[in-house]
Protein chains: 2
Amino acid sequence: MVLFAGQGDPHRSMSLLWRKEGSAGPRSAPGPKPALSVDAIVDAGIAVADAEGMAALSMRAVGERLGRTAMALYTYVPSKSELVDLMYDHALAELPTDYDLAPGWRAAVTSWAEDTWEFYLRHPWVLQVSQARPVLGPNEYGALETVVRLLYATELPSAALRRIVGTLFHFVRGSAQTVAEARLAAAATGVSDEEWWQSRSTVLGEVVPDFSDRFPLVIRLETEGVAHHGTDGANDTDSSAPYDDSVPYLEREAKTTFEVGLAVILDGIEATIHKAG
Amino acid sequence: MVLFAGQGDPHRSMSLLWRKEGSAGPRSAPGPKPALSVDAIVDAGIAVADAEGMAALSMRAVGERLGRTAMALYTYVPSKSELVDLMYDHALAELPTDYDLAPGWRAAVTSWAEDTWEFYLRHPWVLQVSQARPVLGPNEYGALETVVRLLYATELPSAALRRIVGTLFHFVRGSAQTVAEARLAAAATGVSDEEWWQSRSTVLGEVVPDFSDRFPLVIRLETEGVAHHGTDGANDTDSSAPYDDSVPYLEREAKTTFEVGLAVILDGIEATIHKAG
DNA sequence: TGCAACTCCTTACGGCATAAAGTAACCTCG
DNA sequence: CGAGGTTACTTTATGCCGTAAGGAGTTGCA
């Protein structure tokens, strides 16, 4: 299920998102001193989501991590969905903002895309926050400001850039999501991608004996020019590059797909510039 | 939450996915005659998901639509996640497969992308099925075979095409997701995109008075060259094209983003061809 | 000193997927 | 033709979830 942003009272949501740290005047209010804080809850939420995924993020789990009950959180945060918004914007603060445009916009955008990709893999749950109703927090705007600055160096008009920004985000999110979900699935089910693929493709061959007649191009796409390491009958003796066993095969494939796809998109942007110029 | 494919017994899953319609021999088994069928359940599931979204898809809801309890479904389908897999592959059968390559691969891929985009908007819940562990059903392979056929017309090597296929899918899914989630959010919350944006941006201006100093390029990106129709103070008197009020502004923006982004990617593919050739 | 405000807790409700066990329908074999 | 095993479907129950409601204890100010 996708989580929607911004359902509660807009003013309270925005105040929470943009709350400033410096404004901690000498507290003077009746009632027991609060032992928790919005920040502590947001941090605990991120810790839970990083460690066990968005599916394991429950108010009970976050409360437990802080030694409280689930209901204690509602003093600080209006609802779970607002907590997720706060977690999202807080995590986004990790993204770098200071890219050097001197080597050209293409290098800068490439660095940005790679940093963003790595960020998504550090916090895969971020990919499950809906983009339809943006959170509108400081760090979301900060991240947007960062890419936009790099892209204005192309000297393309704003109307074209609005579309290109969207395309880049869709692409980075989409490719990162593939890897993130693969890891999540592996962790959640205890079955690695390789094991999963092996058992499935074996069964597929049994259940669908005429597979290669029905989908010849899929077969060709998946086998031609593959430097592989066993598990599906391809040659595993002559792989040329030193083989890094720490990263699973499918994940390295996904990273390459990301790099090649990014290059294709950047080529397309350059073509747009030449057409406009 | 994202739903993972393929957790149960692989053989049972595959048999369900690839089950053939013709094999209905004269039934001869003890026990009451089954009133339901896998197909009826899958259709009911799709009906629920189309009408009320993936979040409303519960075993109870599907059973209710068939006049049964939730538990009745478990005779036919091993679990909810397997039901979603079956729904996914069944829905994919709607996608066209017979694109004409005579006008060139670019036109064919453009048609494919637009048909796929429209398919996702007809069945937005499809976008919430994880891509990490593919369902491996007949229609998923059919859809893949279709794109791959179009792309082999570029005469690029398989290794390059593997990446390009992924890039295209990420892009189409990502852009469709924006619109799909926006509609879903509007339906779920009862607040239209325009209303939502209006109230949020008003509050944003109050809570963050120095917004335009902190994010000048975001402001520039969002205001420059916008042909708008009210709601945010832009000029709404001189829009040139006949205005179609039946489609919300943000959705038309998203469609344009899709078209421009697709053109950028296709330009990138052409650049790759010229480099390789 | 009391009261109002505040934090945090316990309890409870209706939802979810699904395990377990019960009931009734039906075919086949004796 | 009737008993027994198999099957379709139901009821009930378990342990999750978000969160509403109300209560208990702590604190600052009048």
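Which residues of chain A does UniProt list for "DNA-binding region"? The unreviewed UniProt entry gives residues 58–77 of chain A; such annotations may be inferred rather than shown by experiment. The structure is a predicted model, in which local features need pLDDT of at least 70, side-chain atom pairs count only at pLDDT 80 or more, and totals for chains, interfaces and linings use all residues. Residues are numbered from 1 along each chain as its sequence is written, chains are lettered from A in the order in which they are written, and side-chain values use heavy atoms, without hydrogens and water.

Over residues 58–77, chain A is 35% helix and 0% strand (DSSP runs: H or I of at least four residues for helices, E of at least two for strands). The end C-alpha atoms of this stretch are 13 Å apart.

Chain B is superposed on chain A by a rotation of 180° with 0.0 Å of shift along its axis (RMSD 0.1 Å), by least squares on the C-alpha atoms of residues with pLDDT of at least 70 in both. This is the relation of a two-fold axis.

Beyond four places in sequence, Trp112(A) is in contact (heavy atoms within 4.5 Å) with residues including Tyr99(A), Leu150(A) and Phe169(A).

Thr154(B) lies in the loop between helix 6 (138–152) and helix 7 (158–189) of chain B. Not counting residues up to four places away in sequence, Thr154(B) touches Trp105(B), Leu161(B), Ile269(B) and Ile273(B).
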